[in-house]
Amino acid sequence: ISISITPNSSSSSSSSSSSSSSPSSPDAGIWEVRQEKPHPGAYLHVSRFNWRDYNMNGIHLEAYVLNKQIQAKEAVVALHCESGWPLEFRQKFVPQISERIHGRLEGWSCYREYGTWKLHVSKEMMSVCEVRVPFGASPDETMERIERQLRRLMTLSADIDDVIANCLHDEAEQENTSSLILTKEQVRKNDGLEDRPLWAVIDGYVTDCTEFAKFHPGGLGKILATD
C-alpha cells in the first residue's frame, strides 16, 4: 500500500519529496514525506525539518504494511523517536510527549473501526504510541483509514516541536552549568612549555591562557613565576 500525504489547504505546510539528506532550505513548518528502501511503499515517514528525520532515524510519524500486517489485515501507524537522536534526549522526549498526548489518544480510540491508540514506549525509548488500523473493504478504504490516523498524529506537531525545544533547552542548561573538577597536578602539567597549553587558576576557575600568554609583555616566564 502506498500513501501520499498532502496537508490540507487550510494548513501553511506543504509536502516534500523523498530525500536521504538534509534539505538545503530548512523550514520547520514544511512537512517532509519519505519512503524507506528497499521496500518502497511499505514504510512511510512524515516529519518536519527540525525532527531530524532526513536519514529516516529521527522523530517521525510512521505507517507501514509488511507481510505480518497483510496476514493480520491491519496496518501500523505510530509516532517514533529513533536513534538519530541521542539516548539522553530520547529518555527525556518520550516520557514528556507521552504525558502530553495520552488524553488525546484516548479520545481518538472512540472510533473503533480505525483501531485503538495506545502508548507504546519501548525499552530503547524509540517508540511513543501506535495504532493498528484494520483493513477496510477495499484498498481505497484501507488507505483512507491509514491517512486519517496519520492526520491525527499531524495535529500533535506543535506539541512535538515544543517538547523538542524543552529537551534541547534542558541539555544546553545542563552543559552550561556542569563543572569539571581538576587537581592542582593536572593544572601544573599544562604549563605552556613544549607546545602544551597554558592553564591558570583565576578566582577558583581553571582558564586556558594559551593565547593570552603569546601577547603578555613579560612573556611566559613572567606568568610561570607567579604563584
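How many helices and strands make up the secondary structure of the protein chain? In this predicted model, the chain comes to seven helices and eight strands. The protein chain holds 227 residues, and 35% of them count as buried. Contacts between residues at least 6 apart in sequence were also examined, and 49% of these join residues at least 24 apart.

Of the secondary structure elements, β7 gives the most, with four residues.

Aromatic side chains were considered as pairs of rings. Six aromatic pairs are found in a search of the whole structure. In the pair formed by F49 and Y54, the ring centres are 6.1 Å apart and the planes stand at 40°, so the pair is tilted; planes under 30 degrees apart would count as stacked, and those over 60 as edge-to-face. Y54 has a relative accessibility of 23% and therefore counts as partly exposed, since that class lies between the buried limit of 20% and the exposed limit of 50%. Elsewhere, W85, F89 and F93 are linked into a cluster by ring pairs.

Two arginines are placed over aromatic rings. The charged end of R48 sits over the ring of W31, at 4.1 Å from the ring centre. R152 lies over the face of Y114, and here the distance to the ring centre is 5.8 Å.

Y114 is also among the contacts of R145. R145 is a residue of helix α3, which spans residues 139-154. With a relative accessible area of 12%, R145 is buried, because this value falls under the 20% limit. When neighbours within four places in sequence are left aside, R145 is in contact with E113, Y114, V133, P134, F135 and G136.

Positive phi values in residues other than glycine were noted in two loops. One belongs to M125, with phi near 60°; M125 is located in the loop between β5 (118-119) and β6 (127-134). The other belongs to D195, with phi near 65°. The relative accessibility of D195 is 82%, so D195 counts as exposed.

A further exposed residue is N67, at 60% relative accessibility. N67 is part of helix α1, which covers residues 67-72. N67 and A42 are 25 residues apart along the chain, and their C-alpha atoms are separated by 9.6 Å.

Technical notes: Residues numbered from 1 in each chain as written. Predicted model: local features only at pLDDT ≥ 70, side-chain atom pairs only at ≥ 80, totals over all residues. Heavy atoms only, no water. Phe/Tyr/Trp six-rings, centres within 6.5 Å; stacked < 30°, edge-to-face > 60°. Buried < 20%, exposed > 50% of the residue type's maximum accessible area, 1.4 Å probe, protein only. Lys NZ or Arg CZ within 6 Å of the ring centre and 35° of its normal. Contact = heavy atoms within 4.5 Å.
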